[in-house]
Amino acid sequence: MTTTPTRNTGLTLAAGVLTGILALYIALVALGNITDFGTNQQFVRHVLAMDTTFKDPDLMWRAITSTGLQDTAYVAIIVWETVAALVLVRGTYLWARRDHDLARRVSTYGLLMLLLLFGAGFIAIGGEWFAMWQSKSWNGLDAATRILVLSGVALIVNQLPTRQETAS
């Protein structure tokens, strides 16, 4: 289905800007993880090893101490971030082109990727399964929550019907 470009409304402008902000953010995160591989590699290793948690014997069986598995998880995170960045850049471009239907669809995919990474990956799996909340040194829950909330807001704004949609 092809759409005729319409003038930008405040809502579509907001959707495009929010998508662009998150595209920039996750692109910079991915670039940082690629160019400074070791910094967040240590973060992932400590979280998965659970070596800075309370070391409760009832939880420590969850720890992943194999550096090979830890690094595989880290590379998977970087690949996910990179793909999400590319999808969101594409969504931002489509918002700028005023191809609202396709922009909404593409942006939704990218924003859902961020929600999965930060919500399921960092908050649920890292925070709860690997007890990251117990660590004073390697706790990324605040940062993950900020991006989860911003991504959620952007997704909601992306899904709101425009004036033209509600009139038909």
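These are my notebook entries on a predicted model of one protein chain.

**Ground rules**

I number residues from 1 along each chain as its sequence is written, and my side-chain values use heavy atoms, with hydrogens and water left out. The model is predicted, so local features need pLDDT of at least 70 and side-chain atom pairs count only at pLDDT 80 or more, while totals for chains, interfaces and linings use all residues.

**Entry: the overall fold**

I started with the secondary structure. The chain has 6 helices and 0 strands. Helices (H or I, at least four residues) and strands (E, at least two) are DSSP runs, numbered from the N terminus. Read from the N terminus, the elements run α-α-α-α-α-α.

Next I looked up the dimensions. The C-alpha atoms fill a box of roughly 60 × 30 × 25 Å along the principal axes. The chain has 168 residues, and 40% of them count as buried. Buried means under 20% relative accessible area, exposed over 50%, and partly exposed in between (1.4 Å probe, protein chains only).

**Entry: the largest pocket**

Then I searched for empty space. Rolling a probe the size of a water molecule over the atoms shows where such space is left. On a 1 Å grid over the protein atoms alone, a cavity is a set of points where a 1.4 Å probe fits but cannot get out; a pocket is an open set with protein on both sides within 12 Å along at least five of seven lines. Lining residues have an atom within 4 Å of a point. Grid points are joined across faces, edges and corners, and a volume is the space filled by probe spheres set on the points.

The largest pocket holds about 350 Å³ of space. It is lined by 19 residues, and Ala-73, Ile-77, Gly-121, Phe-122 and Ile-125 are the closest to its centre. I checked which helices contribute. H2 (37-49), H3 (67-96) and H4 (100-129) each supply at least two residues of this lining. H4 gives the largest share, 7 residues.

What classes of residue make up the lining of the largest pocket? I count 17 nonpolar, 2 polar and no charged residues. Ala, Val, Leu, Ile, Met, Phe, Trp, Tyr, Cys and Pro count as nonpolar, Asp, Glu, Lys and Arg as charged, and the others, Gly among them, as polar.

**Entry: the second largest pocket**

This pocket holds about 290 Å³ of space. Its lining has 15 residues, with Asn-40, Phe-43, Glu-81, Phe-118 and Phe-122 nearest the centre. Helices H1 (10-35), H2, H3, H4 and H5 (141-159) each supply at least two lining residues. By class, I find 11 nonpolar, 3 polar and 1 charged.

**Entry: the salt bridge**

Side chains of opposite charge can pair when their charged atoms come close. A salt bridge is a side-chain nitrogen of Lys or Arg within 4 Å of a carboxyl oxygen of Asp or Glu. How many salt bridges does the structure hold? I found 1. Arg-45 pairs with Asp-71, and their closest N and O atoms are 2.7 Å apart. The pair links distant parts of the chain, with Arg-45 in H2 and Asp-71 in H3, 26 residues apart.

Are these two buried or partly exposed? Arg-45 has 21% relative accessibility, so it counts as partly exposed. Asp-71 has 19%, so it counts as buried.

**Entry: a nonpolar patch**

Leu-13, Val-17, Ile-21 and Leu-150 make a nonpolar patch of about 320 Å². Patches are made of residues with over 30% relative accessible area and no salt bridge: like charges are joined within 9 Å, nonpolar side chains (Val, Leu, Ile, Met, Phe, Trp, Tyr) within 5 Å. The areas come from the Shrake-Rupley method with a 1.4 Å probe; for residues, only the protein chains shown count as cover.

H1 gives the most to the patch, with 3 residues. Val-17 lies in H1 and is partly exposed because its relative accessibility is 45%. Leu-18 is also in H1, but is buried because its value is 16%.

**Entry: two loop residues**

Met-50 has phi near 55 degrees, a positive value in a residue other than glycine. Met-50 sits in the loop between H2 and H3. With a relative accessible area of 0%, Met-50 is buried.

Arg-98 has phi near 65 degrees, also positive in a residue other than glycine. Its place is the loop between H3 and H4. At 35% relative accessibility, Arg-98 counts as partly exposed.
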